[in-house]
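Please work through the exercises below with the sequence and the 3D structure at hand. Try each task before reading its solution.

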Amino acid sequence: MAHPLHIDRNGHRTWLKWHRARRKVTDPVFTGTRILEGMRLGASVEVDLVIHADHGCAVLHNFELDKETTGTGLVRETSAEVLRSLHLRDNDGAILPDKILLLEDLCALLAEQPPQQGAMLQLDFKEELAALDELTIANFADSVGPVADAFILSGGDIGAIRALSSAVPALKTGYDPCYGESLARLQATGDFASFIGDALIAAPRADMIYLAFELVLSAQDAGFDIVAPIHAAGKRIDAWTIRQVTPASLEQVERLLALKVDQITTDDPEGLHAALLS
C-alpha cells in the first residue's frame, strides 16, 4: 500500500495529517513509534501539548490523566518524573507498553532520528496564554530550538502561540480561530468573510490556518469560499477532523479537495487514502 501521506487532485496536493499521531483508526494516540514512523516517511503528524508541574509540556490531549494514561489527577499538578513513569492507554482503555512522552523527550528522539525532508510535526498547544510563565517558555525554547525545522506550533490562543514562538524564531506557526469569541461571533452573525478576515489579522505570521471542516463546508453552502482569502494571504489551510471513513465523510472530503484545502486532519489517514484512490 502507498503511504497515506497526501492526495493529488487537479494540480493541487492535499496532505492527510495523522491526527494525534494515528496512521489508522485503530491506532492508540501519541505513541513514539507512530510519531517517528510518520517523520521517517515524510508525513504530516499532529500531537497535543499540555503543561505539567515542572514548567514543561507533556504530549497529551487532556488536562486530566485518567482517560489517556495509567495516572490520575491533573497533568498541571504532576511532575515530569511521575509523568515519565506512566503508560498510555489504547482506545478501549487497555494499558500499552508505551509511556508518556514529554516534549524534551520527543525533541531528543527527532534529533537522534532526523525526519525525512518534507515531514512536519504539528505541536497543538492546548493551553491559554495565562498558563504560561517565563520558565515554561524558556524550557519550550530549549527543547524545540535545536529541531525547530521539524515543527509547526499551533493553537487557539494566538497570544500563547506568539509568546512561545517569539522564543524560537525559526519555528513555523499556525492559528485555529474556531474557539472562543471569534467562533461565537460567527455563530451569531454568519459573517464568514469577517471571521476569516479577523483570523488573518490576528495571526499575520501564521503559516497555516486551522478550521473545522464543517465550518469550511458551511461557508461554501452559504456561497463563500473561505479557502480563497487564506491562499490569497499566502497561507495554507488545514480542515479538521475526519474521524471515520464512511460514504458521508468521503463526500465531505471530496468537497474539501475540490476547494483545494492544503491539509485534511484525519484519525484514519491510511483508510481515507485507500478509499480516495479506490
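This is a predicted model: local features need pLDDT of at least 70, side-chain atom pairs count only at pLDDT 80 or more; totals for chains, interfaces and linings use all residues.

Residues are numbered from 1 along each chain as its sequence is written, and side-chain values use heavy atoms, with hydrogens and water left out.

**Exercise 1.** Describe how helix H8 and helix H10 pack, and state which residues meet.

Step 1. Helices (H or I, at least four residues) and strands (E, at least two) are DSSP runs numbered from the N terminus, and here H8 covers residues 213-221 while H10 covers residues 247-258.

Step 2. Two packed helices are described by the angle between their axes and the distance between the axes. For H8 and H10 the angle is about 70° and the axes are 11 Å apart, the axes being lines fitted to C-alpha atoms over the stretch in contact, with angles running from 0 to 180 degrees between N-to-C directions.

Step 3. H8 and H10 are therefore roughly perpendicular to each other, a term for angles of 65 to 115 degrees (under 35 is roughly parallel, over 145 roughly antiparallel, and the rest oblique).

Step 4. In contact, meaning heavy atoms within 4.5 Å, Phe213, Val216, Leu217, Gln220 and Asp221 of H8 meet Gln252, Arg255 and Leu256 of H10.

**Exercise 2.** Locate the aromatic pair and say what it ties together.

Step 1. Rings of Phe, Tyr and Trp (its six-membered ring) pair if their centres lie within 6.5 Å, and planes under 30 degrees apart count as stacked, over 60 as edge-to-face and the rest as tilted. By this rule the count comes to one aromatic pair.

Step 2. Tyr179 and Trp240 form a stacked pair, at 6.3 Å centre to centre with 10° between the planes.

Step 3. Tyr179 lies in the loop between strand E9 (172-175) and helix H6 (180-189), and Trp240 in strand E11 (residues 236-242), so the pair ties together parts that are 61 residues apart in sequence.

Step 4. Tyr179 is partly exposed at 42% relative accessibility, and Trp240 is partly exposed at 21%.

**Exercise 3.** Examine the peptide bond from Trp240 to Thr241 and the phi of Asn10 and of Lys260.

Step 1. Most residues other than glycine have a negative phi, and most peptide bonds are trans.

Step 2. The bond from Trp240 to Thr241 is cis, with omega near -20°, and Thr241 is placed in strand E11.

Step 3. Asn10 has a positive phi near 50°; this residue sits in the loop between strand E1 (6-9) and strand E2 (12-18) and is exposed, with a relative accessible area of 69%.

Step 4. Lys260, which is not a glycine, has a positive phi of about 65°, and its place is the loop between H10 and strand E12 (263-266).

Conventions: Buried means under 20% relative accessible area, exposed over 50%, partly exposed in between (1.4 Å probe, protein chains only).
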